[in-house]
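Me: I have just opened this one and would like to go through it with you. Could you take my questions one at a time?

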Amino acid sequence: MSAKYYNIGKVVNTHGIRGEVKVLRITDFAERFNVGETIYLDDHQDDGQALIIDGHRLHKGFDLLHFKGLGNINDVEHLKGKYLKIAESQQTSLEEGEYYYHEIIGCEVYLRDKMEKIGVIKEVLSPGANDVWVVKRAAGKDILLPYIDDVIKAVDVAGKKVFIEPMEGLLD
């Protein structure tokens with residue numbers, strides 16, 4: 001894919017014989033799967049195949065999607081295991097203090113007052129009340145940083161830097 005695209009879901013299976021697919025959602029924006037929305041299949045070609053959603057429902061914690069022109073199981077069988085994406089232009093603007101995962105992953109983490117580099121954010125987890133940023137250190141175990149005001153003091157997305165003030169025991 002030559003333009004920038006971002007994952008919003010993964011097709012985990014087909015559902016029934018009428019062309020529905022079972023999608024594991026990887027976005028906080030449920031409206032990405034509204035009827036009429038255009039999303040893209042990551043088929044590892046130039047810009048991916050555009051798919052127009054013409055059916056959506058929830059079933060057992062998964063999104064079931066139906067795409068225009070794909071009316072039976074044979075039309076969607078090849079989608080299994082592939083990612084569904086949106087173009088960069090389809091991203092919505094976020095409020096202050098909110099970030100897309102791709103903006104945070106890869107940021108260097110520093111102690112706020114010492115300017116000592118702790119590591120690099122390699123993953124973002126969403127276990128419940130707040131996100132947790134996984135920081136890979138040069139040596140030692142990964143650090144789990146809760147995304148709360150007491151710990152995360154400043155985020156410079158453009159400079160790919162995060163400044164923290166760790167709670168006692170957080171870096172042990």
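Me: Among contacts in the protein between residues at least 6 apart in sequence, what share join residues at least 24 apart?
Reply: That share is 49%, where a contact means heavy atoms within 4.5 Å. Before going further, please note that this is a predicted model, in which local features need pLDDT of at least 70 and side-chain atom pairs count only at pLDDT 80 or more, while totals for chains, interfaces and linings use all residues. Residues are numbered from 1 along each chain as its sequence is written, and side-chain values use heavy atoms, with hydrogens and water left out.

Me: ok, and which secondary structure elements does the protein have?
Reply: The protein has two helices and 12 strands; these are DSSP runs numbered from the N terminus, with helices (H or I) of at least four residues and strands (E) of at least two. Read from the N terminus, the order is β-β-β-β-β-α-β-α-β-β-β-β-β-β.

Me: What box do the C-alpha atoms fill?
Reply: Taken along the principal axes, the C-alpha atoms fill a box of roughly 60 × 35 × 30 Å.

Me: And how much of the protein is buried?
Reply: Of the 172 residues, 33% are buried, where buried means under 20% relative accessible area, exposed means over 50%, and partly exposed lies in between, using a 1.4 Å probe and protein chains only. The accessible surface comes to about 10,200 Å², and 48% of that surface belongs to carbon and sulfur atoms; such areas come from the Shrake-Rupley method with a 1.4 Å probe, and for residues only the protein chains shown count as cover.

Me: Switching to charges, how many positive and negative side chains are there?
Reply: There are 22 positive and 29 negative side chains, with the centres of the two sets 6 Å apart. Lys and Arg count as positive and Asp and Glu as negative, without His or the chain ends, and each charge is placed at NZ of Lys, CZ of Arg, CG of Asp or CD of Glu.

Me: How many salt bridges does the structure hold?
Reply: It holds seven salt bridges, each defined as a side-chain nitrogen of Lys or Arg within 4 Å of a carboxyl oxygen of Asp or Glu. One of them joins arginine 112 to glutamate 165, with the closest N and O atoms 2.7 Å apart.

Me: Where do those two sit in the chain?
Reply: Arginine 112 is in the loop between strand E7 (108-111) and strand E8 (117-125), whereas glutamate 165 is in the segment after strand E12 (161-164), and the pair links distant parts of the chain, 53 residues apart. Arginine 112 is partly exposed at a relative accessible area of 43%, and glutamate 165 is partly exposed as well, at 36%.

Me: Which residue does aspartate 142 form a salt bridge with?
Reply: Aspartate 142 forms a salt bridge with lysine 122, the closest N and O atoms being 2.7 Å apart. This pair also links distant parts of the chain, 20 residues apart, with aspartate 142 in the loop between strand E9 (132-136) and strand E10 (143-146) and lysine 122 in strand E8.

Me: Are those two buried, or partly exposed?
Reply: Aspartate 142 is partly exposed, with a relative accessible area of 32%, and lysine 122 is partly exposed, with 41%.

Me: New topic: how many aromatic pairs are there?
Reply: A search of the whole structure finds five, counting rings of Phe, Tyr and Trp (its six-membered ring) whose centres lie within 6.5 Å, with planes under 30 degrees apart called stacked, over 60 edge-to-face and the rest tilted. Among them, phenylalanine 29 and tyrosine 100 form a tilted pair, 6.1 Å centre to centre and with 50° between the planes.

Me: Why does that pair tie together separate parts of the sequence?
Reply: Phenylalanine 29 lies in the loop between strand E2 (20-25) and strand E3 (38-41), and tyrosine 100 lies in the loop between E6 and helix H2 (101-104), so the pair ties together parts that are 71 residues apart in sequence. Tyrosine 100 is buried, at 13% relative accessible area.

Me: One last thing, where is alanine 87 and what is it in contact with?
Reply: Alanine 87 lies in strand E6 (residues 83-87) and counts as buried at 12% relative accessibility. Leaving aside neighbours within four places in sequence, alanine 87 is in contact with Lys4, Tyr5 and Tyr40.
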